[in-house]
Amino acid sequence: MRTFGKLVIAGAVVFALLQVVRPGIPVNSATAELQAPPEVKRVIEKDCYSCHSGERRLSWFDQIVPGYWLVREDILTARRHLNFSTLGSKPAAAQKATLYEAVNMIQLGAMPLRSFVWLHPEAKVTPEDLATLKAYLAPWTPTPNQPGNPPGGVSAPASLATTQPELDGFPFDPAFESWKPISTTDRGDNNTFRFILGNEIAVKAANSGNISPWPDGTAFAKVTWQQEPGDDGLVRPGKFVQVELMLKNAERYKNTDGWGWGRWRGLDLKPYGTDARFVGECTGCHQPVHGNDYVYTLPITTANVKGDEVVNNNAALPASLPYQPLGWHAITMYVDPKSGTMATVYGDDTAMQGVQARRDAPVAGPKGPTYPAGAVLALVTWAQRDDPHWFGARIPGAVRSVEFVQVAAMGQTSKYRRFTGAGLVEDHPAPDVAAQRTSFVLGLAPARLP
């Protein structure tokens, strides 16, 4: 008992001495707070300021070492990622983009940390709080037309092979243009369209359902364009914005969740990062979907994969169609806001010869590319649905129709076929309707690539 008492006293002395080892948590005045309505700032201040501000908000039990050390590290890490006390110094668009990321972190359960809410129940984000933030962000609010790229003569890299790697050494892969589409996205949070492409390993894994986790060698490209509203009411890809790459190699990239990450912006494909630490943005953003091996995209496939919202079976096409365009190349896409639909144009290998000729031409023709005889194009139209992984995004839902155009030789009539309704049954439109739709499909200009 005497020995036990000595141990208790020694432990108390050590505990007391440890309280002196207390590195500071800087307190910084708000130099440029988030610019938002009072009700939005109220939610942010209540739920986020404990970690994501220059203020020092600690409960009494947060002050006790060694817990204090953990709390301090969490706060400093959180501030580096997002500090609402200085966020207002960024452009308005960047402030909103940050809020979108915050909302998605909240609705996916990544923030606030469960352990933090357990000890600090006042920081819990209520459904009413989340609704306030979403109402303020209001994705798909009409915006002024964005200027697109001119049809030809736009500067681009002399060779994709000369594009510089990211600042952490992650290489650019010029082969991404030949990868096959996994899905498409309409982003109302920043008015962009995106093709998500996958290399052969990714496509094979998606079609077989072998995505938990994705196999080593899987590579994705997320190609982004600014949205461009047209006079016909359709919204099409305009100015090329960027391409982002992900490469799975569990051993090589074990420090970044098993994935290599890179982003190249503009037609000159300038690396995004200013130093190697940029990759922290990528891993931080993808952390909420760690259960899906850090992949946000729901691949369009008929694969049977366990879990809720892991693949997008509802958007897949039946095997009864004469062609399977989801295995072809994606050429362009558009959204029809009036009907709530989104559509993608796919082309077989022969069609892609015409696309490449269009992209290489110094001046494009008024009606889009001239496709070689025998080329087949498919226009697949889906009803849009909300992306369950990202507030402010929409993805393909139920298939509305699939239209095929087989290009005829000069002087002959191209063959048009349309499949609609439940089960996508072929209908037989009048000749004038078929001719009109054929002209529409062939006239859709390919989305601009570097």
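The exercises below concern a predicted model.

**Exercise 1.** Classify the geometry of the ring pair Phe172 and Trp264, and determine which parts of the chain the pair ties together.

*Solution.* The structure holds 14 aromatic pairs. In the pair of Phe172 and Trp264, the ring centres are 5.2 Å apart and the planes meet at 75°. Planes over 60 degrees apart count as edge-to-face, so this pair is edge-to-face. Next, Phe172 is located in the loop between α6 (127-137) and β1 (180-187), and Trp264 in strand β5 (residues 259-265). The pair therefore ties together parts that are 92 residues apart in sequence. Finally, Phe172 and Trp264 belong to one aromatic cluster with Phe170, Phe176 and Tyr253.

**Exercise 2.** Decide whether Phe172 and Trp264 are buried or exposed.

*Solution.* The cut-off for buried is under 20% relative accessible area. Phe172 has 10% relative accessibility, so Phe172 is buried. Trp264 has a relative accessible area of 0% and is therefore buried.

**Exercise 3.** Describe the pair formed by Tyr334 and Phe440.

*Solution.* The centres are 5.8 Å apart, with 85° between the planes, and the pair is edge-to-face. Tyr334 lies in strand β7 (residues 329-336) and Phe440 in helix α10, 106 residues apart, so the pair links distant parts of the chain. With a relative accessible area of 7%, Tyr334 is buried, whereas Phe440, at 22%, is partly exposed.

Note on methods: Residues numbered from 1 in each chain as written. Predicted model: local features only at pLDDT ≥ 70, side-chain atom pairs only at ≥ 80, totals over all residues. Heavy atoms only, no water. Phe/Tyr/Trp six-rings, centres within 6.5 Å; stacked < 30°, edge-to-face > 60°. Helix = DSSP H or I, 4+ residues; strand = E, 2+ residues; numbered from the N terminus. Buried < 20%, exposed > 50% of the residue type's maximum accessible area, 1.4 Å probe, protein only.
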